[in-house]
Amino acid sequence: MFRTLIIMLLGLILTIAMLVIKYKPVYVVKVNDEILGYIENEESFKNKINEKIINNNGENIDSVSLYKEPQYELELIKRNKETNESEIIAKLEETAITTYKFYAVTLDGKTQEYVDTLEEAKKVVKKIDSEYKGNDLDLDISIDEKYTQNAEDVKTDNVEVAETSLEDEIKKILEKQEAKKALATINGINLSVLPVSGTITSRFGESSSIRSSTHTGLDIACKTGTDIKVIADGKVVFTEYNGSYGNLIKVDHGNGVQTWYAHCNKIYSNVGDTVKSGDIIGAVGSTGNSTGPHLHLEIRINSVAINPQKYLYKK
Ligand SMILES: [Zn+2]
């Protein structure tokens, strides 16, 4: 009886010894029941995952996560079978999800430019702010933090490119805002102000005993010395006494558009002056062929006088 027990015990020890010689305990790493390989130590393996995949703080990377958390199962495998930690890590890395961070500079809520870092975005905004300071820029500029998992889908620009592109965009937006504010637009030229306010005394095309031909402008009566404002941005091209026009100021606005201001009492501008709409260029008078103080306003497109009331003083 006792002998039998000893023999059984010896047998057991022998079996265990054979097992230990032939097999070793390892962890099987699985993802979705697919075996990726074998590792010796679960803890140190997890640390390696964290170090090599999760905490991979590359440029513009916000976070890295595993597609699926692996499962670990303790198993005995043949001693001659190799563990393959780095191979498993490489496999996991392939499926890891990387989230990239970048920044959008937006104008009025519309994304216009992407840059890689917050510092770059701030630089761009600062440049624009300094450029348009005091320009009563009616535009909301902001920086938005953005994320993507497809870095190749997002085209970020460097600071210089972003600045140039945004400045071009702002110019377009400002032009649109100006056009909206404008009283009228002729050939892309915004007429933003009325030259004077007063009473219309003679309309375009009317005949009169004091003129040899039909009226080429619009007469607005007002007091002598009243400021005459140029109605659009442009360049002064003529400031002389000119027969029946009296003291005449001609302003060229580009695109073939000119405005003429006649019978002036005084001329405050000079040929070559660049003027902004609303600038005072002269004073109302009654010089030339005139029976009382008034502004004779002409609008000419490619030298042809058109009816100003198509655009201004419509009532
Ligand atoms: Zn007139």
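**Exercise 1.** How many bridges pair β11 with strand β19, and in which sense?

*Solution.* The model is predicted.
- Step 1: Locate the partner. Strand β19 spans residues 294-301.
- Step 2: Count. Four bridges link β11 and β19.
- Step 3: Assign the sense. The pairing is antiparallel.
- Step 4: Check one position. Asp219 stands opposite His296 in β19.

**Exercise 2.** Find the pairing of β11 with strand β10.

*Solution.* 
- Step 1: Strand β10 covers residues 199-202, and strand β11 covers residues 218-221.
- Step 2: Count. Three bridges hold the pair in the antiparallel sense.
- Step 3: Check one position. Ile200 stands opposite Ile220 in β11.

**Exercise 3.** Work out the strand order of the open sheet that contains β12, β16 and β18.

*Solution.* 
- Step 1: Write the order. The three strands run β12-β18-β16, with antiparallel pairing.
- Step 2: β12 (227-229) and β16 (266-267) are the edge strands, and each pairs on one side only.
- Step 3: Take the contact of β12 with β18 (residues 280-283). Three bridges join these antiparallel strands.
- Step 4: Check one position. Asp227 has Ala283 in β18 as its bridge partner.
- Step 5: Recall the bonding. Sheet strands pair through hydrogen bonds of the backbone, in a parallel or an antiparallel way.

**Exercise 4.** Which domains does the assignment give, and how far apart are the C-alpha centres of domain 1 and domain 3?

*Solution.* 
- Step 1: List the domains. The assignment gives domain 1 (22-95), domain 2 (100-181) and domain 3 (189-310).
- Step 2: Take the distance. The C-alpha centres of domain 1 and domain 3 are 84 Å apart.

Terms used: Residues are numbered from 1 along each chain as its sequence is written. This is a predicted model: local features need pLDDT of at least 70, side-chain atom pairs count only at pLDDT 80 or more; totals for chains, interfaces and linings use all residues. Domain bounds come from an automatic or database domain assignment. Two strands pair if DSSP finds at least two bridges between them. Helices (H or I, at least four residues) and strands (E, at least two) are DSSP runs, numbered from the N terminus.
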